[in-house]
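Open the model in your viewer and keep the sequence panel beside it. The stops below say what to select next and what is there.

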Amino acid sequence: MVNNYFTSRYYKSTCINNAQMLHYHTARSTESEVAVLEERGENLKAETQNLLIFLFNLKMAMTAILLLFLTLFSNSKADQDFDVRQHLSTVTRYAVKDIVDNSFLPSDIPDGCTPIHLNLVARHGTRSPTKKRMRVLEKLASHIKELVKDAKEKNLSLQEVPAWLQKWESPWKGKLKGGELDRKGEEELYQLGIRVRERFPDIFNEEYHPDVYPIKTTHVPRASSSAVAFGMGLFSGKGSLGPGHHRAFAVTSESRGSDIILRFFDCCQTYKDYRKNHDPAVDKLKEPILAEITSALAKRYEFNFTRHDVSSLWFLCKQETYLLDITDQACSLFSPTEVALLEWTDDLEMFILKGYGNSLNYRMGVPLLKDVVQSMDQAIKDNEDNQAPGSYEKARLRFAHAGTVVPFSCLLGLFLDGSDFQLIQKDEPLNLPPKPPQNRNWRGSTVAPFAGNNMLVLYSCLANSSSKYVVQVLHNEHPIPMPGCDGTDFCPFEVFKERIVRPHLKHDYNALCNMNIDQPRQKPENSKLSQLYRWLFWLGNDDTASHRVEL
């Protein structure tokens, strides 16, 4: 029994010790495994973080590559979509005009309103280059030949110079006369006449008489030829002459020295002095752009172009495009960005010397504005008096120049927003058109292309209408908002006269055009020029600049 007792105690003790030892080793083993697992977990966490960082960097790199691809694709597509024919400023053909503002919804013709009178102020159609400009192109051809000859004598490469340019001759070489209406211009005005008649049958429903449909033009042949082409379209099929059943009609004009309605700029000595004083300033304003593009072309084609060459090549680009339908020669020398900048310099010149850049530019057009309003006043009187059909005027049709159409558009306040319109009413200067790539409303291709026009249509409305007579303004045949009439294209006639016309009538043409333009209150010429330079370079570096300049 004693032995069994001790044996049993020994066995229990041994089991307990073995159990304790097993527990001890098991605990040590578990702690070691946990440590290993924790270390592996930390390593896995670090690897995961590194993988995430790699994936993030890869994503950013792929995004950058995608953006670069999209940018290149977008630029390439933009270059492909770029149509130089719509970027020629005031030498843009009417056939390729595009002035529709998709954000502007034209008004419907008010119920119960009928057109009773139409005023047209139109520019002549596409013309050939003037004699002076043809000489410029002949000088360009001579200089290019000299540069090519010089390069060959010095064994310089001409590989980058387009083959056509190396042997180019002016298409107008030897031509003795210029500036006449081109056949394309004839067609522009002829078709315009047809469209106007079809659009306003209530106005052009009378038998022709020069007192019912007076056609007025300047003494310049391209303007009078445009009037004839328009009249042939307007009255086509109304006569007995030839297969087209045309009829004769009268076209009248004033002499150059007395035409203050359509060539007011020729009769205004103040304006002539202004142009003489400020033409050089405008040329100086263009110089930085021409210098930049000249440098780019010289590097691109490894050819010693001068700024004068580049200016002439830009002129050639425009002539080839609108007269010869050639866009792959002179125009192809320039990138779309360069074309946009050159177009801007042309638009800038038009703004300063013909448009909102100086109130003198449009104030001198007040006689034309008076003539337009007088014709509408008379039409209302004739309508009120129930004059017999065919006994009163129904349309007054005028044909002139960009120097007529641009100031007249300014008198109407077109291509402005409301705040700018208030400024011109106060005779205050406006911002110059912003430099590309910023957007701008002021474009020569829109404001005054060849055959560009403004039509003011007077409507008579029923007695129960809010206004008995309303005016609609069409620019290049499209309804256009008038800031002076709350941004609408229809305006009650009395409101039109009060808000748009009356503020301009305080200016007397004779007093305005015989005064000395350099009043003592004006800043010196050099100060004005330096102001232009500051504006140009500031605008080039800061898109928010809004420097105001009046020239």
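Select Asn 155, in the loop between helix H2 (131-153) and helix H3 (163-166). The model is a predicted one. Check the backbone here: phi is positive, about 55°, although Asn 155 is not a glycine. Most residues other than glycine have a negative phi. Is Asn 155 buried or exposed? Show the surface: Asn 155 is exposed, because its relative accessible area is 71%, and the cut-off for exposed is over 50%.

Now jump to Asn 476, in the loop between E6 and E7. Asn 476 is not a glycine either, and its phi is positive at about 50°. Its surroundings are another matter. Asn 476 has 0% relative accessibility, so it counts as buried.

**Strand E6**

Select residues 469-475, which make up strand E6. How many of the seven residues of E6 are buried? Seven of the seven are, so the strand is largely enclosed by the rest of the structure. Colour the side chains by direction. Tyr 469, Val 471, Val 473 and His 475 point one way. Val 470, Gln 472 and Leu 474 point the other way. In a regular strand the side chains alternate between the two faces of the sheet.

Which strands does E6 pair with? Take them one by one.

- Strand E7 (residues 478-479) pairs with E6 in the antiparallel sense, over two bridges. Find Leu 474: it stands opposite Pro 479 in E7.
- Strand E8 (residues 490-492) is joined to E6 by three bridges, and the two run antiparallel. Pick Val 471 and its bridge partner in E8, Cys 491.
- Strand E5 (residues 453-461) is joined to E6 by seven bridges, again antiparallel. Leu 456 stands opposite Val 473 in E6, and Ser 460 stands opposite Tyr 469 in E6.

Nine of its nine residues are buried, so E5 is largely enclosed by the rest of the structure. Asn 453, Met 455, Val 457, Tyr 459 and Cys 461 point one way from E5. Asn 454, Leu 456, Leu 458 and Ser 460 point the other way.

**A cis bond**

Select Pro 436 and Pro 437. A cis peptide bond joins the two, with omega about 15°. Pro 437 sits in the loop between helix H13 (418-425) and helix H14 (444-447). Most peptide bonds are trans.

**Helix H7**

Go to Ile 289, in helix H7. Ile 289 counts as buried because its relative accessibility is 2%. What is Ile 289 in contact with, leaving aside neighbours within four places in sequence? Show Leu 341, Trp 344, Thr 345 and Lys 435. Then draw a distance from the C-alpha atom of Ile 289 to that of Arg 307, 18 residues apart along the chain: it reads 9.6 Å.

**Helix H6**

Select Asp 266, in helix H6. Asp 266 counts as buried because its relative accessibility is 14%, and the cut-off is under 20%. Its side chain makes a polar contact of 2.5 Å with the side chain of Arg 263. Beyond neighbours within four places in sequence, Asp 266 is in contact with Arg 256 and Lys 272.

**The largest pocket**

Next, display the largest pocket, with about 1800 Å³ of space. Of its 47 lining residues, select those closest to the centre: Arg 127, Arg 133, Arg 275, Glu 349 and Lys 354. Colour the elements that give two or more residues to the lining: H2 (131-153), H6 (264-267), H7 (269-301), H8 (307-324), H9 (336-353) and H12 (402-411), all helices. By class, the lining has 19 charged, 16 nonpolar and 12 polar residues.

**Zoom out**

Finish with the whole chain in view. It has 17 helices and eight strands. Of its 551 residues, 45% count as buried. Among contacts with a separation of 6 or more, 78% are between residues 24 or more positions apart.

Methods:
Residues numbered from 1 in each chain as written. Predicted model: local features only at pLDDT ≥ 70, side-chain atom pairs only at ≥ 80, totals over all residues. Heavy atoms only, no water. 1 Å grid on protein atoms, 1.4 Å probe; cavity = no way out; pocket = protein on both sides within 12 Å on 5 of 7 lines; lining within 4 Å. Points joined across faces, edges and corners; volume = space filled by probe spheres on them. Helix = DSSP H or I, 4+ residues; strand = E, 2+ residues; numbered from the N terminus. Nonpolar A, V, L, I, M, F, W, Y, C, P; charged D, E, K, R; others polar. Buried < 20%, exposed > 50% of the residue type's maximum accessible area, 1.4 Å probe, protein only. Polar contact = N/O pair within 3.5 Å; in protein donor to acceptor, adjacent residues only side chain to side chain. Contact = heavy atoms within 4.5 Å. Pairing = 2+ DSSP bridges.
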